[in-house]
Amino acid sequence: MKTILSRDVLLKGIQNIYPVIPNKSTLPILSHILLEAKKDSLFLVGTDLEIGISCSILAEVQEEGAIAVPAKRLFELVKELPNTSLHIHAKKNQQITLESEKGLFKISGLPKEEFPRLPRVENQDALVIDQRVLEAMFSQTAFAASHDESRYILTGILFVSKGGWLRLVATDGRRLASVAREARTPTKTDHQVVVPAKAIQELHRLLGDGPSVKISIKENQIAFDLGNIQLISRLIEGKFPNYEQVIPAESPQKLAVSRENLLLVTKRIGLWTTIDSPSIRFDLRPTNIVVSKQTPEVGEAHEEIPATYNGSEFSIGFNPAYLVDVLKTLPDESVEMELPGPDRPGVIRTKDHYLYIVLPMQLNS
């Protein structure tokens, strides 16, 4: 293999792949990045056997070939090189040579045949959606997924492809976030699958200014094609809870308030919570709400902000983090929240097909 390319281009390609490389593995080959020169591109591939990422970058290929190179050593070297042209040469003795303007570096690698092949998921029935749209959908849902490995199915995000729409749903049992957007190109077949949190995290990092992403599903695999980058992940097996059953009917009792005001006051009063006393109090009035917290070992705090509430006055407790998470992602200046009673969930519904449900908590102050 012989190829010439820019150091900056190579570094960007490695950065796309590197986070998926496992820090520790019983298989030494998984600590490597596969470099493969074909036609006018250098392909980089990394995998932990659950998630695989491949990336193609422009290069002057003088001789096609492939080699697996230790990822950490390659990344640290390229990161410290100046931005000049790099001449990369892989020899038959599984050693790769990187030659810069004033340096020569040799790294021992492994043959391509030892590197795991990524599954092929064809784009024949792919759902196509704008990258920025999918990125926003992740931001509005991923935070609600569970971190409890004992309920592994809830650590992922449910993807529902149906009728030309893509819906994402995440829940940890105490809150639920759901958002739906119309696809550019729908799938011919409806799908309902659960994508692991790590795959969502890595894909969210890769999404950017590209025009679109193609999402393809085959058996227990899902593939995301961003053009020059592809991510393939195993799906989580199991049955996701029937989220539609827990969505309450719309309530006429609604709180209307500035999103920014509610976000900031929730953050401030939330400073008085503890592990043993995690909820803050909301006293609902017709023209304002009072947010407060009293914790004997910490102190007390309360703050009033203007709002409009058209229901009966009552007090309700919420985990402040569960409100901060959603308020940070909403784009509107004001937020409307259904609050039908002290023991009923709070619900945010928007006109652009977003839904957030949060369960109340017991008040102890």
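Predicted model: local features only at pLDDT ≥ 70, side-chain atom pairs only at ≥ 80, totals over all residues.

Residues are numbered from 1 along each chain as its sequence is written, and side-chain values use heavy atoms, with hydrogens and water left out.

Select residues 131–141 for H3 and 197–206 for H4: their axes come within 10 Å and cross at roughly 135°. Helices (H or I, at least four residues) and strands (E, at least two) are DSSP runs, numbered from the N terminus. Axes are lines fitted to C-alpha atoms, for helices over the stretch in contact, and angles run from 0 to 180 degrees between N-to-C directions. The crossing of H3 and H4 is left-handed (the near helix is turned anticlockwise from the far one by less than a right angle; clockwise would be right-handed).

Now show side chains. On H3, the contact (heavy atoms within 4.5 Å) involves Gln 131, Leu 134, Glu 135, Phe 138 and Ser 139, and on H4 it involves Ile 200, Leu 203, His 204 and Leu 206. These residues divide into five nonpolar, three polar and one charged. Here Ala, Val, Leu, Ile, Met, Phe, Trp, Tyr, Cys and Pro count as nonpolar, Asp, Glu, Lys and Arg as charged, and the others, Gly among them, as polar.

**Second stop: the five-stranded sheet**

Next, colour the open sheet whose five strands follow the order S5-S1-S7-S8-S9, with antiparallel pairing; two strands pair if DSSP finds at least two bridges between them. Which strands stand at the edges? They are S5 (60–63) and S9 (104–108); each has a single partner strand, so one side of each is left without a neighbour in the sheet. On average, neighbouring strands of this sheet are turned by 20° against each other, direction ignored.

Zoom in on S1 (residues 2–6) and S7 (residues 85–90), which run antiparallel and are joined by five bridges. Lys 2 has His 89 of S7 opposite it. Helix H1 (residues 7–17) lies across S1 and S7, at about 95° to S1. Helix H2 (residues 71–80) also packs on the sheet, where it touches S8 (95–99) and S9 and makes about 170° with the direction of S9.

Select H1 and H2 together: their axes come within 10 Å and cross at roughly 145°. H1 supplies Arg 7, Leu 10, Leu 11, Ile 14 and Gln 15 to the contact, and H2 supplies Leu 74, Phe 75, Val 78, Lys 79 and Glu 80.

Rings of Phe, Tyr and Trp (its six-membered ring) pair if their centres lie within 6.5 Å; planes under 30 degrees apart count as stacked, over 60 as edge-to-face and the rest as tilted. The count comes to six aromatic pairs. In one of them, Tyr 18 and Phe 75 have ring centres 4.5 Å apart and planes at 35°, so the pair is tilted.

**Last stop: the four-stranded sheet**

Finish at the open antiparallel sheet S21-S20-S19-S23. Five bridges join S19 (residues 280–284) to S23, and Phe 282 stands opposite Ile 316 in S23.
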